[in-house]
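Have the model open beside you.

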Amino acid sequence: GAVTMAVPFMRSYCELLVEAGNETTRHLISGGMHALLDDHAQWEKLCANPALLPNAIEEMLRYVSPIQNFARRVQHDTQLAGKQLRAGEYVVLFYGSANRDPREYGETADRLDVRREVGRHLAFSSGPHFCIGNHLARLQARVAVGELFAAHPHVTVDAGAGVRHESAFVRGWVSLPAHGL
């Protein structure tokens, strides 16, 4: 009956959360840590005031934007920003660009600021494509970053020593050597 059908569905749902969020959350954490330690003043602000952590995670999501772009197929003829789009054509959304739009985030949109109050960002997409694992990703990032600054407040990264993930789709790090751990 209903219980037998629910078990495979729940297993599939859990697998989706783990698999789909693995790479993006990993790159959020590594990219956020790189950004925080690259501008060490931001790291120091966060270590001095742990209450900023939830806000810092939202700012990291905005600033890092692990998924950089996604193509969508136009379903119906429509206009977007004065441009005619025909059904069947593709539109590419550049999340990283939108998340650094100075009209939304001001003149400092290209800088990480753990005190910035991010009202909204597109790191998890939006509408029917909004990431179902967004709460889990936020929690994992909060725990990872929070534990790191609690245990190792003097951590630093080697400038230029990290290896970036080579992808036009995902922004992140393959390795990010750190000291003070």
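## Starting at Arg138

Arg138 has a relative accessibility of 17%, so it counts as buried (buried means under 20% relative accessible area, exposed over 50%, partly exposed in between, with a 1.4 Å probe and protein chains only).

What does the side chain of Arg138 hold on to? It makes a polar contact of 2.7 Å with the side chain of Asn134. A polar contact is a pair of N or O atoms within 3.5 Å; within protein, one must be able to donate a hydrogen and the other to accept it, and residues adjacent in sequence count only if both atoms are side-chain atoms. Setting aside neighbours within four places in sequence, Arg138 touches Ile57, Glu58, Leu61, His121 and Phe124 (contact means heavy atoms within 4.5 Å).

## Where H3 meets H6

Helix H3 (residues 53–64) and helix H6 (residues 134–151) have axes that come within 10 Å and cross at roughly 115°. The axes are lines fitted to C-alpha atoms over the stretch in contact, with angles running from 0 to 180 degrees between N-to-C directions.

On the H3 side, the contact uses Leu53, Pro54, Ile57, Glu58, Met60 and Leu61, and on the H6 side Arg138, Ala141, Arg142, Val145, Gly146 and Phe149. Sorted by type, that is eight nonpolar, one polar and three charged residues (Ala, Val, Leu, Ile, Met, Phe, Trp, Tyr, Cys and Pro count as nonpolar, Asp, Glu, Lys and Arg as charged, and the others, Gly among them, as polar).

## Gln42, another buried side chain

Gln42 sits in helix H2 (residues 40–48). With a relative accessible area of 5%, Gln42 is buried too. Beyond its neighbours within four places in sequence, Gln42 contacts Leu36, Leu112, Asp113 and Val114.

## The whole protein

Zooming out, the protein has six helices and eight strands, in the order α-α-α-β-β-β-β-α-α-α-β-β-β-β from the N terminus. Buried residues make up 34% of the 181 residues. Of the contacts with a separation of 6 or more, 64% are between residues 24 or more positions apart.

## About the model

This is a predicted model: local features need pLDDT of at least 70, side-chain atom pairs count only at pLDDT 80 or more, and totals for chains, interfaces and linings use all residues. Residues are numbered from 1 along each chain as its sequence is written, and side-chain values use heavy atoms, leaving out hydrogens and water.

How values were computed
Helices (H or I, at least four residues) and strands (E, at least two) are DSSP runs, numbered from the N terminus.
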